[in-house]
Amino acid sequence: NKGRKSSRMYVTAKEWSAEWGGAKVQAEGKDVAFTRLRWDHCSISFQPMTDPVCAPDGTCFERENILQFIDKYGTHPRSGEPLKATDLFDLKYHKNADGEDSCPVTMKVFNEHTHMVAIRQTGRVYSFDA
């Protein structure tokens, strides 16, 4: 009987939102909407990558940022698992005629909706459709 005032067999909308975890009113000026990180941005700095590397779990980083993090903490930034610089592998993107990153097989330009796959041995990045 968490906060219920009567013996009703239902919970009102106000009770649900206030006591049971329904939608909460955001504090004024605080927008906490989730936005997904772009595929070509570093998971540490959130900036576009110029020298991308990938961890064994598929998380992509800018080389300089992840090496500094590993030197300082010796762990993966997201999972906290031990991570060494030798666990990382380079990512190599194919550029189309317009200079955009694309799949070398399907020739589709990568975007935020593309499911991408990186081959660890070569570092080449492909569309999952390929």
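Across the chain the mean pLDDT, which is the predictor's confidence in each residue on a scale from 0 to 100, is 84, and 81% of the residues score at least 70. This is a predicted model, in which local features need a pLDDT of at least 70 and side-chain atom pairs count only at pLDDT 80 or more, while totals for chains, interfaces and linings use all residues. Residues are numbered from 1 along each chain as its sequence is written, and side-chain values use heavy atoms, with hydrogens and water left out.

The chain holds 2 helices and 7 strands, where helices (H or I, at least four residues) and strands (E, at least two) are DSSP runs numbered from the N terminus. Read from the N terminus, these elements follow the order α-β-β-α-β-β-β-β-β. Confidence is lowest in helix α1 (residues 13-19), with a mean of 71, and highest in strand β1 (residues 52-54), at 95.

Of the 130 residues in the chain, 25% are buried; here buried means under 20% relative accessible area, exposed means over 50%, and partly exposed lies in between (1.4 Å probe, protein chains only). The chain exposes about 9,600 Å², of which carbon and sulfur atoms supply 53%, the areas coming from the Shrake-Rupley method with a 1.4 Å probe and, for residues, with only the protein chains shown counting as cover. Among contacts (heavy atoms within 4.5 Å) with a separation of 6 or more, 28% are accounted for by residues 24 or more positions apart.

After α2 comes Gly74, which has a positive phi, near 70°.

The aromatic rings can be taken next. Rings of Phe, Tyr and Trp (its six-membered ring) pair if their centres lie within 6.5 Å, with planes under 30 degrees apart counted as stacked, over 60 as edge-to-face and the rest as tilted, and this rule gives 4 aromatic pairs. One of them is the tilted pair of Phe69 and Tyr73, at 4.7 Å centre to centre with 45° between the planes. These two residues stand 4 residues apart in helix α2 (residues 63-73), so about one helical turn separates Phe69 from Tyr73. Both are partly exposed, Phe69 with a relative accessible area of 22% and Tyr73 with one of 48%. Elsewhere, ring pairs link Trp39, Tyr93 and Phe110 into a cluster.

Two loop residues complete the tour. Asp40 lies in the loop between α1 and β1, and its side chain is joined to that of His41 by a polar contact of 2.8 Å, a polar contact being a pair of N or O atoms within 3.5 Å, of which, within protein, one must be able to donate a hydrogen and the other to accept it, and residues adjacent in sequence count only if both atoms are side-chain atoms. Apart from neighbours within four places in sequence, Asp40 is in contact with Gln47, Pro48 and Met49. Asn96, in the loop between β4 (94-95) and β5 (101-102), counts as buried at 18% relative accessibility, and its side chain reaches the backbone nitrogen of Glu100 at 2.8 Å.
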